[in-house]
There are 2 protein chains.
Amino acid sequence: MPVTASPDVLEKLVSLCKRRGFIFQSSEIYGGTGSVWDYGPLGVELKKNLKDRWWHAMVRARDDIEGLDAAILMHPRVWEASGHVATFTDPLVDCRNCKKRFRADDPKIKGTPGTPDAQCPACGMKGTLSEPRLFNLMFKTYMGPVEDSASIVYLRPETAQGIYVNFLNVQQSTRQKVPFGIAQIGKAFRNEITPGNFIFRTREFEQMEMQFFVEPGTDMHWFEYWKEQRLNWHKSLGLAAERLEFHQHSKEELAHYARAAFDIQFDFGGTLGFQEIEGVHNRGDFDLSRHQEYSGKKLEYFDQPNNKRFLPFVVETSVGADRTTLAVLVNAFREESVEGEDEGRTVLGIHPSLAPIKAGVFPLVKKDGMPEFAEKLTAELRQRFPVFYDESGAIGRRYRRQDEVGTPYCITVDGQTMEDGTVTIRDRDTLQQERVAADHVARIIQARILT
Amino acid sequence: MPVTASPDVLEKLVSLCKRRGFIFQSSEIYGGTGSVWDYGPLGVELKKNLKDRWWHAMVRARDDIEGLDAAILMHPRVWEASGHVATFTDPLVDCRNCKKRFRADDPKIKGTPGTPDAQCPACGMKGTLSEPRLFNLMFKTYMGPVEDSASIVYLRPETAQGIYVNFLNVQQSTRQKVPFGIAQIGKAFRNEITPGNFIFRTREFEQMEMQFFVEPGTDMHWFEYWKEQRLNWHKSLGLAAERLEFHQHSKEELAHYARAAFDIQFDFGGTLGFQEIEGVHNRGDFDLSRHQEYSGKKLEYFDQPNNKRFLPFVVETSVGADRTTLAVLVNAFREESVEGEDEGRTVLGIHPSLAPIKAGVFPLVKKDGMPEFAEKLTAELRQRFPVFYDESGAIGRRYRRQDEVGTPYCITVDGQTMEDGTVTIRDRDTLQQERVAADHVARIIQARILT
């Protein structure tokens, strides 16, 4: 029944997401903001469900990870210590003629920038492109009334540093013992030169990061542990196992701070193909030792039973909330023919725990007390989970509308309901209908949408 | 039993919040970032519970409000349309001698700035203070590789504008009919000159805003409706009724766009006293008409049954998540004497639905199988809600530790548990203990922490 996903799934998704209220272009009425997106009514629920599942798995369901919500604006020395001021850069070239800027590796540039042969991809002039210069990707602003070098602050390009600088605050206030982790969900900002592919690479994005602090020597054990844990989490979202794979960073790819690194990649199909949605990194003691050096404050952990002090190593798991949302959508999107019908259907086969709307509720016809019964049931269910009441159009069309936004269950109030108080529950994926007492619907669906 | 809250409650709270992991100064190891704070393990849970309660009440439990999560970075024209570029300013004066800046109304300034008599509060020189100049409170940055006037973007100073510019996108994708609302939780930034009072006024903060779109003429009806709804919501968090009051904006206080405005104020005690935690505003069609004008895009609503088009009026409810978190903490803080004990106790009487930890689980002694039983119970409860296992120190001390962070229930595994499988549940506020079967604990506490 499923039709193979065509290469233009992303294009179809952009359209569906706008039409049905998942994702809109930011400031669209003003022509949009470069590679920034707004989550609409269904998108915000989908992303919130995803973040809540991560928070539950990483923080609430464990006794060895603590939550944190550090601010976006941090002391500027943080980014000197982390290396971002010096090295978080892209090489750019300028055209002296048309004043446009490009990434030095822009494939549209012909020839070597800085030489007389190089041709500007915008104005077409030859020999006008400068040598590459480094351009920092952090957004910069000024705090306080005076705009000078002493008041520069950056929008954080990652949430991780908020965890490192709070390491001892968290450890001491919670009395946690190494090994333990600190987890955080929050916005980060990168002034990317070539963002794109919908919400895959954006200038404003949300990360879900966890830093696990361990005793040196045990780091590779924990690295392997977290690789497996995190891959399993993505599978638990319903992402197809065959679309997920590990990509090990080669020596050349490894960041200067990393002792080992694996990406979890998801196959987005089309021209994107396999791309990183999460990174698992063994960062050693790079971050804590740098913050110790730059702040002048000791960040060592005191291991009381063994009466020794050490700087823990860090195993990081860093997942993009927007990328994973996109992976969930791509993974869920399918166009199907339906047996016995001319028209096919578009389905988002989203995991019930992530679906923005858990159930549609429909009166079969707009009479005989069915709307009243259905509205009452809707009001009752809405106190427990998001539902959508719909009485307009043919029942088949109403099913299709919910299929398209990933609603896993549709409840129909019909003639028999008015006689015996039963309703049908129709399953989005199997199309099977079962008849149950209306009183039991809340409990039945609640059990199925739990993770 | 309760002792009257002393005027230094805020000071005591700052200390408790750091020591127990509610709130830390941002980038503390670097000397802090001006008026920016990080939420620690308990603070992030408290604030998340607060936001989830707002989201449930305003979005999920209603059929006439849709959620949204618009980006922080918006098109710069948005802030011209909203009036922020022109009028979101504070008057500042400069000292020509020491180069420091002050708010023109700084009480430390002696004399009238700009006159020879005025004395600089920093260097003490006379006649060196400039006339007041307007200073915009929006944080400014640049998007893209070139820093020029065409690439200026602002960090949003409020979330509301993200709702207005998406009004038709949301309405059309959800098929909502006026009256309906759009709700959003998100960060906003204001480069305040005099922030302070812990998390009361900060440069980075989180808002929970809802814009309700209504037909002109019905706006005062909805204004009254929302005033009442929102006041009741604050009461439902456990905020004392006598600490909550309305403050009506006088003609002089009314913003240029407002037809009517009431603040919901909370009594923070001490020198702060009654202060705004939420604003309910009748904004008329100011915002939609301005965005229509500046974007050149029609933002009218089409009322199909009556075949007419109109620009809706907006009733806004805007609550500060950080301020309300502070109100919850101030409201909950009490120091009590305990009958028959020399030492008193510090209690955070936080509403069970908001408490970061729902239950402490303690083995009475570290032997006879009690720790194993308590650990097993802890693991079972942790799948449902946040719990804390503690086996160290006297049982009284363990109760005190949980009282201080607002844990509503403490479960103790004792000798009788090992005989008949029952445990005690101790109530934080009444100090009453009841004995129940361990198998029932999850269900009992779950029912009590539901809102």
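**Two chains, one helix pair, and a look inside chain A**

The axes of helix α2 (residues 41–60) of chain A and helix α2 (residues 41–60) of chain B come within 14 Å of each other and cross at roughly 150°. Angles over 145 degrees count as roughly antiparallel, so α2(A) is roughly antiparallel to α2(B). The model is predicted. The points below take up this helix pair, then chain A as a whole, then one helix and one residue of chain A.

**The α2 pair**

- Two packed helices are described by the angle between their axes and the distance between the axes.
- The crossing of α2(A) and α2(B) is left-handed.
- On the chain A side, the contact is made by V44(A), E45(A), K48(A), N49(A), D52(A), W55(A), V59(A) and R60(A).
- On the chain B side, α2(B) contributes V44(B), E45(B), K48(B), N49(B), D52(B), W55(B), V59(B) and R60(B).
- Sorted by type, the residues of this contact are six nonpolar, two polar and eight charged.
- An α-helix has 3.6 residues a turn, so residues three or four places apart point the same way.

**Chain A as a whole**

- Chain A contains 13 helices and 23 strands.
- Along the principal axes, its C-alpha atoms fill a box of roughly 75 × 70 × 45 Å.
- Of the 451 residues in chain A, 58% are buried.
- Among contacts in chain A between residues at least 6 apart in sequence, 64% join residues at least 24 apart.

**Helix α8 of chain A**

- Helix α8 of chain A covers residues 286–295, and its buried residues are F286(A), D287(A), L288(A), H291(A), Q292(A) and S295(A).
- The cover over these buried residues includes the helices α3 (77–81), α5 (160–165) and α6 (167–174) of chain A.
- Strands β10 (204–214) and β13 (274–284) of chain A are also among the elements that cover them.
- After α8(A) comes G296(A), which has a positive phi, near 75°.

**Residue V387(A)**

- V387(A) lies in strand β20 (residues 387–389) of chain A.
- Buried means under 20% relative accessible area, so V387(A), at 10% relative accessibility, counts as buried.
- Leaving out residues up to four places away in sequence, V387(A) touches I357(A), A359(A), T378(A), L381(A) and R382(A).
- From C-alpha to C-alpha, V387(A) and E147(A) are 50 Å apart in space, and they are 240 residues apart in sequence.

Conventions
Residues are numbered from 1 along each chain as its sequence is written. Chains are lettered from A and ligands numbered from 1 in the order in which they are written. This is a predicted model: local features need pLDDT of at least 70, side-chain atom pairs count only at pLDDT 80 or more; totals for chains, interfaces and linings use all residues. Side-chain values use heavy atoms; hydrogens and water are left out. Axes are lines fitted to C-alpha atoms, for helices over the stretch in contact, and angles run from 0 to 180 degrees between N-to-C directions. Helices (H or I, at least four residues) and strands (E, at least two) are DSSP runs, numbered from the N terminus. Angles under 35 degrees count as roughly parallel, over 145 as roughly antiparallel, 65 to 115 as roughly perpendicular and the rest as oblique. A crossing is left-handed if the near helix is turned anticlockwise from the far one by less than a right angle, and right-handed if clockwise. Contact means heavy atoms within 4.5 Å. Ala, Val, Leu, Ile, Met, Phe, Trp, Tyr, Cys and Pro count as nonpolar, Asp, Glu, Lys and Arg as charged, and the others, Gly among them, as polar. Buried means under 20% relative accessible area, exposed over 50%, partly exposed in between (1.4 Å probe, protein chains only).
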